[in-house]
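This briefing goes through one protein chain, from its overall make-up to selected side-chain pairs. Please keep the sequence and the coordinates at hand while reading.

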Amino acid sequence: MFDEEVSFARVAGLTRSAQRGDHGVLLYTEEDAAVDFCARFVEEGIQRGEQIIIAVPAGLRDALAERLGNALDGAEVFDAERLYGPDFDPAATAGEYRETIESFDKPVRVLSGPDGGAAAGIDPEAFRHYERIAHQLVLDLNATALCVYDGRRLPIAFSPVAVEGHPLISRNGAELRRNGDFRYRAA
């Protein structure tokens, strides 16, 4: 809700924080900027009393654990290399997220993204399909989700998937904004 705004175009360009039902993406090439952004995202969820689920590449996961320490004690942490590995199945991965999110009786905040090495064997079209399923899952379960895409390590074909599949976007840790390139396509 933006008080005292009269133009949708102006509101669309404003920065915002992630809310329940939001599915955003952080595209990054600078690890420090990604750690800063993700730490703020997770801390905001903790402050709101949300259950945190983390499934990001090991380097980012370790940096977040070092930065946030005991704050992550209640977080559910998954191995992104397993979830988004060579045997990647869009429906099975989404199903695992659904089952986990539904197991909590409080709002959930998800920080997730594929590992570059593990994702090298994934067909970009399969990942595009997964992002469509994930988007619907976020809406259905009223979760807050941020996907992370490491532009240095992921196959180049993943960048368009990231951009078109998320209504909110941050580039290299800049403020989260509406993504004019988002294209909703049903799963």
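The model is a predicted one. It contains eight helices and seven strands. Of the 187 residues in the chain, 48% are buried.

**Chain as a whole**

- The accessible surface of the chain is about 9,100 Å². Carbon and sulfur atoms account for 48% of that surface.
- Among contacts in the chain with a separation of 6 or more, 75% are between residues 24 or more positions apart.

**Nonpolar cores**

- The largest nonpolar core has 32 residues, and the members that touch the most others are Tyr 84, Tyr 97, Phe 127, Tyr 130 and Tyr 149.
- At least two residues of this core come from each of the strands β1 (23-28), β2 (51-55), β4 (108-112) and β5 (144-150), and from each of the helices α4 (80-83), α5 (90-102), α7 (124-141) and α8 (158-164).
- Helix α7 provides the largest share of this core, with six residues.
- Leaving aside residues up to four places away in sequence, Tyr 149 touches Val 25, Leu 26, Leu 27, Tyr 28, Phe 127, Glu 131, Leu 154, Phe 158, Val 161, Ala 162 and His 166.
- There is also a second, separate core of 23 residues, with Leu 26, Phe 37, Leu 60 and Leu 64 among them.

- Seven of the seven residues of β5 are buried, so the strand is largely enclosed by the rest of the structure.
- Both faces of β5 are covered. One side carries Thr 144, Leu 146, Val 148 and Asp 150, the other Ala 145, Cys 147 and Tyr 149, and all of these are buried.
- β5 pairs with β1 in the parallel sense over six bridges. Tyr 149 in β5 is the bridge partner of Leu 27.
- β5 also pairs with β4 in the parallel sense, over four bridges. Here Leu 146 in β5 stands opposite Leu 111.

**Salt bridges around Arg 109**

- Side chains of opposite charge can pair when their charged atoms come close. The structure holds 14 salt bridges.
- One of them joins Arg 109 and Glu 44, with the closest N and O atoms 3.1 Å apart. This pair links distant parts of the chain, since Arg 109 is in strand β4 and Glu 44 is in helix α2 (residues 31-47), 65 residues apart.
- Arg 109 is buried, at a relative accessible area of 1%, whereas Glu 44 is partly exposed at 22% relative accessibility.
- Arg 109 also forms a salt bridge with Glu 50 (2.5 Å, N to O). Glu 50 is in the loop between α2 and β2 and Arg 109 in strand β4, so the pair ties together parts that are 59 residues apart in sequence.
- Glu 50 counts as buried because its relative accessibility is 7%, under the 20% cut-off.

**Salt bridges around Asp 150**

- The side chains of Asp 150 and Arg 153 meet in a salt bridge (2.8 Å, N to O).
- Asp 150 is buried, with a relative accessible area of 6%, and Arg 153 is partly exposed, with a relative accessible area of 48%.

Methods:
Residues are numbered from 1 along each chain as its sequence is written. This is a predicted model: local features need pLDDT of at least 70, side-chain atom pairs count only at pLDDT 80 or more; totals for chains, interfaces and linings use all residues. Side-chain values use heavy atoms; hydrogens and water are left out. A nonpolar core is a set of buried Ala, Val, Leu, Ile, Met, Phe, Trp, Tyr and Cys residues joined through side-chain atoms within 4.5 Å. Buried means under 20% relative accessible area, exposed over 50%, partly exposed in between (1.4 Å probe, protein chains only). Contact means heavy atoms within 4.5 Å. Accessible areas come from the Shrake-Rupley method with a 1.4 Å probe; for residues, only the protein chains shown count as cover. Two strands pair if DSSP finds at least two bridges between them. A salt bridge is a side-chain nitrogen of Lys or Arg within 4 Å of a carboxyl oxygen of Asp or Glu.
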